[in-house]
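The following paragraphs are intended to be read alongside the sequence and the model. They proceed from each chain as a whole to selected elements and residues.

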Amino acid sequence: MSEKIKELKVSAIENGTVIDHIPSHAVFQVIRILKLDSFDNMVLFATNLESKKYGTKGLIKVSNKYFLPEELNKIALVAPHASIIEIKDFQVSSKKIVETPDHVNGIVRCFNPNCVTNHEQVTTRFTVVEKEDLRLKCHFCEKITRRSNIEFK
Amino acid sequence: MKNKSLVSINDYTKEEQLRVLELAREFEKNPVQTILQDYVVASLFFEPSTRTRLSFESAVNRLGGKVIGFSEASNTSVKKGESLRDTILTIANYSDLIVMRNPVEGSARFASEISPVPIINAGDGANQHPTQTLLDLYSILKTQGTLDNLHVAFVGDLKYGRTVHSLVIALCNFNTTFHLVSPLELKLPSSVKMHIKEKNLNYHQYTDMEEVIPNADVLYMTRIQRERFSDPLEYERIKNSYNLHHDMILNTKDNFRVLHPLPRVTEIDINVDSSPKAYYFEQALNGVYVRQALMSLILGLH
């Protein structure tokens with residue numbers, strides 16, 4: 001019940017996507033990753049909401065927008081337990097949990113300033129060696145980029 | 001192994017590594033040949049490295065091949081702002097094999113993926129230096145008669161020393177017991193220890209080198225570099241605590257050998273050099289045979 005009331009702290013949307021269970025500190029990162037700061041449709045967001053599961057959480061509602069799976073992959077890197085709820089006519093049409101991918105290509109910058117990907121025009125490639133406490137191993141320089149160091153291209 | 005670039009030691013399986021070592025033994029018996037007479041090897045050293053470059057070039061020359069290239073980037077098109085991609089694609093037109101040393105990490109992997117000719121990584125920054133690893137393995141095999149079940153002690157800068165990282169990873173295939181001696185601030189990184197743990201091998205960490213020497217088969221010494229320390233006094237203190245002297249190796253096993261990737265500074269006193277257990281200069285010579293073997297396998301000549 002209380003979950004329902006909290007949801008209503010952010011207005012419902014008619015059509016679009018709700019991204020729920022974002023760690024509070026990652027809400028602004030998700031906004032940047034999905035480039036919602038330059039988005040023309042209505043975007044609602046909240047942070048530090050109470051969450052039974054996680055203590056606090058953030059939430060974003062994007063009107064009239066459904067995301068591609070590769071866009072959602074990017075979110076998993078900072079919000080590994082985010083749920084993606086697609087809304088049609090105020091109804092939930094689908095609900096899924098984002099999954100941390102096994103490989104990350106072209107999204108993240110390698111943390112190593114001396115990596116070839118920061119010197120040449122090369123698409124970055126990482127293997128996710130640790131999903132929970134995120135660790136990305138660079139295909140080129142073999143160094144690890146952690147969640148706390150992550151920067152998006 | 002024909003046309004198979006070597007960027008990281010793990011690009012080659014244990015069997016392929018052993019194949020290189022086996023063939024290196026043949027070249028050691030017969031180092032002057034003409035099998036490379038129709039081949040051009042490009043030797044691209046974007047930063048100077050006397051030993052590695054001369055060892056490669058000597059290996060090619062002794063097999064009758066030709067070498068083109070440069071020993072530093074300052075008077076090349078790189079200075080004019082040419083990308084590594086363009087440099088590699090151009091020079092691949094002029095050569096059958098490219099040997100590259102480049103301070104940018106991952107540059108060898110990148111080059112191997114765009115180059116039509118195979119690449120041998122002769123060192124990419126702090127990342128990988130696989131031919132050093134092969135010559136280290138060859139030196140261990142030659143002095144110990146086996147690579148299996150040895151006690152290998154690593155001493156010095158285990159944090160930044162890429163030769164240490166690659167050799168530790170390679171030795172994980174041979175049931176090695178590792179003795180890791182370093183100052184606390186220069187311990188072996190967890191990313192390398194992970195390989196030891198995956199194979200359930202034993203490793204022990206020390207800060208004092210003297211206690212590991214009596215039980216070791218191989219003592220692999222490395223240089224501690226001044227630039228790793230923000231406090232110069234701390235550097236002086238540590239530098240002096242990892243000095244190997246002749247009297248320290250008197251009560252070692254008969255098969256005990258001291259290895260060092262060189263260049264050495266003060267970590268091995270020159271009074272060790274005359275000991276039959278000092279092996280670092282022979283180790284450097286082994287690099288020529290190993291590189292002859294590697295290049296002829298990659299060029300499909302064996």
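Two residues are said to be in contact, or to touch, if their C-beta atoms, placed from the backbone, lie within 7 Å. The structure discussed here is a predicted model, in which local features need pLDDT of at least 70 and side-chain atom pairs count only at pLDDT 80 or more, whereas totals for chains, interfaces and linings use all residues. Residues are numbered from 1 along each chain as its sequence is written, and chains are lettered from A and ligands numbered from 1 in the order in which they are written.

Chain A has 3 helices and 9 strands. Helices (H or I, at least four residues) and strands (E, at least two) are DSSP runs, numbered from the N terminus. Along the sequence of chain A, these elements follow the pattern α-β-α-β-β-α-β-β-β-β-β-β. The radius of gyration of chain A is 17 Å, close to the 15 Å that the globule rule gives for 153 residues, so chain A is as compact as a globular protein of that length. This radius is taken over C-alpha atoms, and the globule rule is 2.2 Å times the number of residues to the power 0.38. Taken along the principal axes, the C-alpha atoms of chain A fill a box of roughly 50 × 30 × 20 Å.

Of the 153 residues in chain A, 32% are buried. A residue counts as buried if 20 or more other C-beta atoms lie within 10 Å of its own, as exposed if 12 or fewer do, and as partly exposed in between; the C-beta atoms are placed from the backbone. One residue of chain A, A:M42, is found in the loop between α2 (27-33) and β2 (43-51). A:M42 is partly exposed, with 14 other C-beta atoms within 10 Å. The C-alpha atom of A:M42 is separated by 22 Å from that of A:A79, 37 residues apart along the chain.

Chain A also contains an open sheet of 4 strands in the order β6-β7-β8-β9, with antiparallel pairing. At its edges stand β6 (103-105) and β9 (144-146) of chain A, each with a single partner strand, so one side of each is left without a neighbour in the sheet. Here, two strands pair if DSSP finds at least two bridges between them. In general, strands of a sheet pair through backbone hydrogen bonds, either parallel or antiparallel. Strand β8 (residues 135-138) of chain A is joined to β9(A) by 3 bridges, and the two run antiparallel. A:K137 stands opposite A:I144 in β9(A).

Chain B has 9 helices and 9 strands. With 302 residues, a compact globule would have a radius of gyration near 19 Å, and chain B agrees, with 19 Å. The C-alpha atoms of chain B fill a box of roughly 55 × 45 × 40 Å, taken along the principal axes. Buried residues make up 46% of the 302 residues in chain B. Among contacts in chain B between residues at least 6 apart in sequence, 74% join residues at least 24 apart.

Chain B is divided into domain 1 (9-128 + 287-298) and domain 2 (131-284), with bounds that come from an automatic or database domain assignment. The contact between the two domains takes 17 residues from domain 1 of chain B and 15 residues from domain 2 of chain B. On the domain 1 side, the elements that give two or more residues are α1, β4 (119-124) and α9 (280-298) of chain B. Of these, α1(B) gives the most, with 5 residues.

Which residues of α6(B) are buried? They are B:R162, B:T163, B:V164, B:H165, B:S166, B:L167, B:V168, B:A170 and B:L171. Because 9 of the 10 residues of helix α6 (residues 162-171) of chain B are buried, this helix is largely enclosed by the rest of the structure. What covers its buried residues includes α1 (14-29), α5 (130-144), β5 (151-155), β6 (177-181), α7 (190-198) and β8 (218-221) of chain B.

B:L97 is buried, with 24 other C-beta atoms within 10 Å. Not counting residues up to four places away in sequence, B:L97 touches B:V41, B:V117, B:P118, B:I120, B:M295, B:I298 and B:L299. B:L97 and B:E16, 81 residues apart in sequence, are 19 Å apart in space, C-alpha to C-alpha.
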